[in-house]
Amino acid sequence: EIDEYLRLSHRIGLPVTLEQLGIKGITDADWHRIARLSLEVEDMAAMPFPVTQEMVIKAIQGADALGRAFLQTQG
């Protein structure tokens with residue numbers, strides 16, 4: 001499903017990495033601020049398990065890594 005999403009997003013010109021969104025040079029303080037603000041979103045209360053800042057950071061970084069790896073295969 002992830003590969004399908006990446007292929008479709010790339011084909012229609014949507015960004016698949018943070019860099020494609022114009023986001024570079026994120027500091028540790030930036031990551032923690034992003035995570036803290038993400039956890040304040042009302043929808044996060046509906047999660048079936050507790051979500052930590054570290055989980056949010058790892059999820060965003062993981063998605064970015066998948067996008068970067070995908071782009072490398074596109075030559």
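Biologist: With which residue does D64 form a salt bridge, and how far apart are the closest N and O atoms?

Modeller: A salt bridge is a side-chain nitrogen of Lys or Arg within 4 Å of a carboxyl oxygen of Asp or Glu. Here D64 is paired with R68, and the closest N and O atoms are 2.9 Å apart. This is a predicted model, in which local features need pLDDT of at least 70 and side-chain atom pairs count only at pLDDT 80 or more, while totals for chains, interfaces and linings use all residues. Residues are numbered from 1 along each chain as its sequence is written, and side-chain values use heavy atoms, leaving out hydrogens and water.

Biologist: In which helix do D64 and R68 lie?

Modeller: Helices are DSSP runs (H or I, at least four residues), numbered from the N terminus. Both D64 and R68 belong to helix α3, where four residues, about one turn of the helix, separate them.

Biologist: Is D64 buried or exposed?

Modeller: Relative accessible area decides this: buried is under 20%, exposed is over 50%, and partly exposed is in between (1.4 Å probe, protein chains only). D64 is buried because its relative accessible area is 12%.

Biologist: How many salt bridges does the structure hold?

Modeller: There are three. One of them joins E19 to K24, with the closest N and O atoms 3.9 Å apart; E19 and K24 are both exposed. Another links the side chains of E40 and R36 at 3.5 Å, N to O. E40 has 54% relative accessibility and therefore counts as exposed, whereas R36, at 38%, counts as partly exposed.

Biologist: Which residues line the largest pocket?

Modeller: On a 1 Å grid over the protein atoms alone, a pocket is an open set of points where a 1.4 Å probe fits, with protein on both sides within 12 Å along at least five of seven lines; lining residues have an atom within 4 Å of a point. In this structure the lining consists of I2, Y5, L6, P15, V16, T17, L18, L21, I60, A63, D64 and L66.

Biologist: Where does A45 lie?

Modeller: A45 is in the loop between α2 (28–39) and α3. A45 counts as exposed because its relative accessibility is 73%. Between A45 and Y5 there are 40 residues in sequence and 26 Å in space, C-alpha to C-alpha.

Notes. Helix = DSSP H or I, 4+ residues; strand = E, 2+ residues; numbered from the N terminus.
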